Amino acid sequence: MNASQSALKTFKLPAVVAAHIKPDPLEALRSPQLNQSFSEKSLARESVAGSEFNDIALDDESFSPVVLTARPPPIPEPSHSPETKEDTANRPKSVSFASPSTESVATKSHRKTASTTTIRSFHDGNDDSLFTRLDFRESNGSGPRGSVDGQLKLQEEFARLHEKEVQAHTTTEGVIDWDFWGAVISDYHAFASEHPSELADAIQKGIPATLRGMMWQHMAASKDPKLESTYLRLLKETSTHEKAITRDLGRTFPHHDFFTDGQGIGQENLFNVLKAYSLYDPQVGYCQGLPFIVAILLLNMPDEEAFSLLVRLMSVYDLQGHFLPEMPKLQLRLFQFDRLIEELLPVLHVHFLRQGVKSSMFCSQWFLTLFSYRFPLEIVFRIYDNCLANGIEAIFGFSVTLLKKNEEALLALKFDEILAFMNTKLFDCYLIQHPEDRIEGSGAKYRVDEFIQDAAALRITPFMLDCHRHEYEDLVRETNKHALQIDELRSSNRMLSNQLKTMENSLAQLNQEHVEILNELVKQRLRNEEIEEELVRYKLLYAEAMHQQEGANQSNRISLAQMMQSLKRGSS
């Protein structure tokens, strides 16, 4: 036992914590033990949402629940912090708060999504490569959440758990190292700064199920009383996504005891967290894949704490980009994954190309649910341990490890067989085959520690991810540039089309006016002809009248001449 371990063994709660410990008021918040079922009677803690969810019925009776692997976490092999069956059964409970604010230390240039303490422990293969990064960035860049009061409550809860284990005489040396984890929880950030290697090794070997919820909130700095109050307020509002959420509840871990009952607290809490987040983040709203992430959180903490951790995962761990309408971050990570396969598994990469297999056909499901869909829960919990400690980039190590371990089998398969293998036989390579290694009466068991160690041994450096990210951004820029040019041409074409349409309309209007003028001219000509005919008629009448008048005048002259002659004869 080295000096650091000796120091850990002498861990005692601070006096200020011991003074605050009262007779078990939070005992009702404890999770059910192994001998308890997930019935409503066994769950001492009532849901904060009351019974409103009981009035909601599943409105889609035609769907077939997806068969998921939902086995209780197994007893891992002896390690730094092995877990008992009581620890891993059912739903551990925590009432953890974020630790006090401290100054953030300088970060690497690599743009990692950060946990509160990011421990890069899985790429270099030795303790010297581990380092601790304290990152208290909030989604709005305002600073860390948490309070000293929350730290005290966390330590009180840890002390109660420890005291209860001691009183029940169920704690044995080597099952849960209470001194070690007590030192971690007592001052998480200081411990992570001073003992990064020991903490990384402990997380790699698995966080005890009893303490997992506390540790997850510590690593993500997600405990926020204000956010929990916001959650309680959002539960009273109505979301437009409630119907879709309700429809998917029965498809989320349908064979797990906690989520089996449609009227039970499991599906109620799942509905509440998803509804509250759909109101909290309108950009995302609700998206398929979220229920599996939330369900994993609910198996380790109360619903209000699960909501706070979900907000932290989406904002700081950069999961929000997986669920936005165009899924920009998911597209980036799939591109990075393709490049990693090309570099680390070139033969398999070529085989996938020849068979027409794209990473989006199987890997998008892994990334969207953080491996919680179809994967054994004992493995999923360990993956979450490492993702929360090291950032979401840890998913690349697990993904590549699975393909590397099954490379020989995949190379012998065709397109359809590859996809079927990805869905059903991917973890068979880690299945415990020897009957003597299995626990009597238990289901399939896996060599989880071996899987985690294989992922740890894989060298995926931040430089590699940065190079692929820059390559993707350049590709996106080039694509966007080409798309911008096309948009400009389309805009120009649209403008010219509008001008042409305007000119055609003007020409049509001119043609109409021209026709109207021609019609008016024809009418005027016809009118003129009528006038001319009338004039001719009048002229004829005038000529006839003049002729008649001239004849009458001549008759009068003749009569007057005869009269004059008669008068002359009479006078003579």
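Which residues touch the most other members of the largest nonpolar core?

## Basis of the model

This is a predicted model, in which local features need pLDDT of at least 70 and side-chain atom pairs count only at pLDDT 80 or more, while totals for chains, interfaces and linings use all residues. Residues are numbered from 1 along each chain as its sequence is written, and side-chain values use heavy atoms, with hydrogens and water left out.

## Overall make-up

The protein chain has 24 helices and two strands (DSSP runs, H or I of at least four residues for helices and E of at least two for strands, numbered from the N terminus). Of its 572 residues, 48% count as buried, meaning under 20% relative accessible area with a 1.4 Å probe, protein chains only.

## Nonpolar core

Trp 216, Trp 366 and Leu 403 touch the most other members of the largest nonpolar core, which has 115 residues; such a core is a set of buried Ala, Val, Leu, Ile, Met, Phe, Trp, Tyr and Cys residues joined through side-chain atoms within 4.5 Å. Helix α19 (residues 377-390) gives the most to this core, with nine residues.

Leaving aside neighbours within four places in sequence, Leu 403 is in contact (heavy atoms within 4.5 Å) with residues including Phe 337, Leu 348, Trp 366 and Met 422.

## Enclosed helix

Helix α5 (residues 178-186) is largely enclosed by the rest of the structure, because eight of its nine residues are buried; among them are Trp 178, Phe 180 and Trp 181.

Notes:
Buried means under 20% relative accessible area, exposed over 50%, partly exposed in between (1.4 Å probe, protein chains only).
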